[in-house]
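Work through the following exercises with the structure at hand. Each task is followed by its solution in steps.

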Amino acid sequence: MQQWIADIAYETTSGPKKVTESFYLPSMEDVRDAISKKGGFVLHIRAHKRSTLERVLARSTWWQVQLLRGIQFRSTSTSPGVALWKIIQAETNPRRQNILAPAREALSRGLGVIDALKSLNIFDHGTIAILAGSERANRLAEGIPHAIQSITQKRKNTRAIMGTMSWLGFDVFSIVTSLWSGKDMVLGWFRDNRPEDDGEHFDLVVSRLELVWDVLIWTSVGSGIFMGWCMISFWLNRGKKDWPTAKVVRKIPLIGAYLRDLAFADSMSAAARMLHGRVPINDTLIQSAEASSAPEVASYWTESSSDLGRGVGLGSALDRAPLTRSERLELASLSDLAQVATVMESIAEMRSAAAKTKHKLIVWIAFALTGVFLVIAFGSAIFALTVMNMSMDSMMGGLMNGVT
């Protein structure tokens, strides 16, 4: 499904009339069919693209929370779908109207509130999983606070990591810029003042020093480019199922495990909420797979649903990797749905705690690696002073010999 903008001509009593309308449909051909049914003539169709300001606003967690709270407050007297429709109709800001246009189009075509929220492409899959689970259990208003808590917690984690990385990055940037700006001057001075005695050893020392500084500089530059690319890519692709940058990041051992724990915590919590709401187990597994952004987690739910459909017992169907041994032992002994929901809530809590632990570990490892980098940088600078002393001693020795 995608939002399309179409220029349409309609025959009226006063002559042809050109209008611009938006459609939320799978393909351009579906848009043409919809226009034909309305008696219009297609002039031009293009895929809708948000402006930079709209992207920034749509990615704002503050605005996401405000939108969910608005649905929650209005859901006390009407259905969530009608609540979202009223929010869209009451919006007067043109940029926000443009952001909400896909949801308006989805609701006008009879789709549900979750499909409308998905069409906005602003929420991550963990948030959608919580909302979808609550909606399937007919408790969306109760699930919205959990979704808001998930958004705010992830925002805190992101800010903590970004704050730490920014501080460490500033330290590294300061050292690297000093090395970069002073490397040619220092090494040039060394080569211009090469001692006559033991010159080969001096050249070897200078070449090694140059190699160390080059490795430090280009390692930091490459790391900075990679981190910037990852941050921009994750920000631009929020709401998507998978993309190349996410695949690369998931291959980083600790960070990949951290993201997997977060995905399992969200999907397990959503599945438990659906089971408490008496949603059928097959629908619960399918919905959990669709709502997860991590391929390993989505594959877990899909394979479990497939085994359950072949007649495998519930506990055995859920007992599979990438769950840990303790989690699998708990699931393997299940016999009724009430126990499943309780165990899933327990797994969600454990995964959430594991994610927090990994988050702290990532921060401390970043501190440690930065410390090692700074030690090498300062050590090489001190070593450069010893090389300078070698050159100065040689110069002073030559001057003293000339005087005598």
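Predicted model: local features only at pLDDT ≥ 70, side-chain atom pairs only at ≥ 80, totals over all residues.

**Exercise 1.** Find which residues make the nonpolar surface patch of about 420 Å², and which helix gives the largest share.

Solution. Step one: the patch is made by F226, M227, W229, M231 and V248. Step two: helix α9, residues 199-236, supplies four residues, the largest share of the patch.

**Exercise 2.** Classify M231 and E210 as buried, partly exposed or exposed.

Solution. Step one: M231 is found in helix α9, and E210 lies in helix α9 as well. Step two: buried requires under 20% relative accessible area and exposed over 50%, with partly exposed in between. Step three: M231 has a relative accessibility of 40%, so M231 is partly exposed. Step four: the relative accessible area of E210 is 24%, so E210 also counts as partly exposed.

**Exercise 3.** State how far apart E210 and V186 are in sequence and in space.

Solution. Along the sequence, E210 and V186 are 24 residues apart. From C-alpha to C-alpha, the distance between E210 and V186 is 9.9 Å.

**Exercise 4.** Describe the second largest pocket by volume, lining and contributing elements.

Solution. Step one: the volume of the second largest pocket is about 580 Å³. Step two: 20 residues line this pocket, and Q149, A265, D266, S269 and S352 are the closest to its centre. Step three: α8 (140-192), α11 (253-276) and α16 (337-403) each give two or more residues to the lining. Step four: α11 contributes seven residues, the largest share. Step five: by type, the lining of the second largest pocket has six nonpolar, eight polar and six charged residues.

Key. Residues numbered from 1 in each chain as written. Heavy atoms only, no water. Patch = residues over 30% accessible without salt bridge, like charges linked within 9 Å, V, L, I, M, F, W, Y side chains within 5 Å. Areas by Shrake-Rupley, 256 points an atom, 1.4 Å probe, with all protein chains shown as cover. Salt bridge = Lys/Arg side-chain N within 4 Å of Asp/Glu carboxyl O. Buried < 20%, exposed > 50% of the residue type's maximum accessible area, 1.4 Å probe, protein only. 1 Å grid on protein atoms, 1.4 Å probe; cavity = no way out; pocket = protein on both sides within 12 Å on 5 of 7 lines; lining within 4 Å. Points joined across faces, edges and corners; volume = space filled by probe spheres on them. Nonpolar A, V, L, I, M, F, W, Y, C, P; charged D, E, K, R; others polar.
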